Amino acid sequence: MSGTYQAPSASTAKPYIEPASIPDELPKVNEIGTTSGPLKSAAFFIGAYCKEYNEDFMLCKAEDRDPAHCLKEGRRVTRCATDLLTKMRENCFAQWDAHWQCLEKNNQEYYLCRKPERTLNQCMFERLGLVKTVPGSPEGQPQIHEKERPIYKAMQK
Amino acid sequence: MPPPGGFAHVQYKRNLSLRGPSGVLILGVTCLVSAFGFYRLGQGNLEQRELAREKAWSRIHLVPLLLAEGDRDAYRRQKAIDAREAAIMNDVPGWQPGQSVYHNPKYRSGHWVLPL
């Protein structure tokens, strides 16, 4: 133990930060370290690229909510997402950057950022073969992100 | 005697301005405009449903990633808590640090909020 628990007192009103690191017998994994905008921009590609790992992890969590139960599956999920984000950075960095900057400026709403989103989707399909699909959309119609003349859209195109 | 060429016609028609479009026409145009508006409203409602679905799925796709990270953090904290408890209670015979107070193997978080 590197640190002993100090009861937070009124004079030193700092939040208690756990100094201990994760046990050494567990394999190390780098945390994703990405903020919400880039993650939201990449969400559907993470869902498409890491489908097996994500489903495996969620099935494991359905077995038992104990954090210790699914550490191995969780590491696989994080490694897969890191892998995808590295590939996105190598292949579609400019398009990804433009899209998540737009999301950050538009309250992280997809429908206000269709233009950069379409260039990103096209780049992801051409370079990595990943397609954004929203599950449960009505059959026989273009999906909402591919709609030509949407009613809800940005005022300025 | 009448003047040559006869008398001029008597102006017996009322000299009124145009009445404008008829009531039936106004009603019909109003109905058409309203019908178009309601059609757009319905299309917009369908579109909003799809936008909500898109937003929900973007979050669903990120849940495993965020949950895995939160689990690792919760596990690290729980291990530290158990080690601290073992150090404090090391002179109590038979004490098991981190043991549940319930006779039930089901996992219970020590916090009110699940670590997500």
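Q: How many salt bridges does the structure hold over all chains?
A: The structure holds 14 salt bridges over all chains. The term means a side-chain nitrogen of Lys or Arg within 4 Å of a carboxyl oxygen of Asp or Glu. This is a predicted model: local features need pLDDT of at least 70, side-chain atom pairs count only at pLDDT 80 or more, and totals for chains, interfaces and linings use all residues. Residues are numbered from 1 along each chain as its sequence is written, chains are lettered from A and ligands numbered from 1 in the order in which they are written, and side-chain values use heavy atoms, without hydrogens and water.

Q: What makes Arg72(B) and Glu31(A) a salt bridge?
A: Their side chains meet at 2.9 Å, N to O. The rule asks for within 4 Å. Arg72(B) lies in helix α1 (residues 23-88) of chain B and Glu31(A) in the segment before α1 (36-49) of chain A, so the pair joins two chains.

Q: Which residue forms a salt bridge with Lys61(A)?
A: Asp71(B) does, with the closest N and O atoms 2.6 Å apart. Across the interface of chain B and chain A, the rule finds seven salt bridges.

Q: How many residues of chain B are in contact with chain A?
A: 33 residues of chain B are in contact with 50 residues of chain A. Contact means heavy atoms within 4.5 Å.

Q: Why are α2(A) and α1(B) called oblique?
A: The axes of α2(A) (residues 51-63) and α1(B) cross at roughly 60° and come within 9 Å. Under 35 degrees counts as roughly parallel, over 145 as roughly antiparallel, 65 to 115 as roughly perpendicular and the rest as oblique. The helices are therefore oblique to each other.

Q: Which residues of α2(A) meet α1(B)?
A: Asn54(A), Phe57(A), Met58(A) and Lys61(A) do. Their partners in α1(B) include Leu67(B) and Asp71(B).

Q: What makes α4(A) roughly antiparallel to α5(A)?
A: Helix α4 (residues 93-105) and helix α5 (residues 114-128) of chain A pack at about 150°, with axes 8 Å apart. That angle makes α4(A) roughly antiparallel to α5(A). Among the residues in this contact are Trp96(A) of α4(A) and Leu120(A) of α5(A).

Note on methods. Axes fitted to C-alpha atoms, helices over the stretch in contact; angles between N-to-C directions. Helix = DSSP H or I, 4+ residues; strand = E, 2+ residues; numbered from the N terminus.
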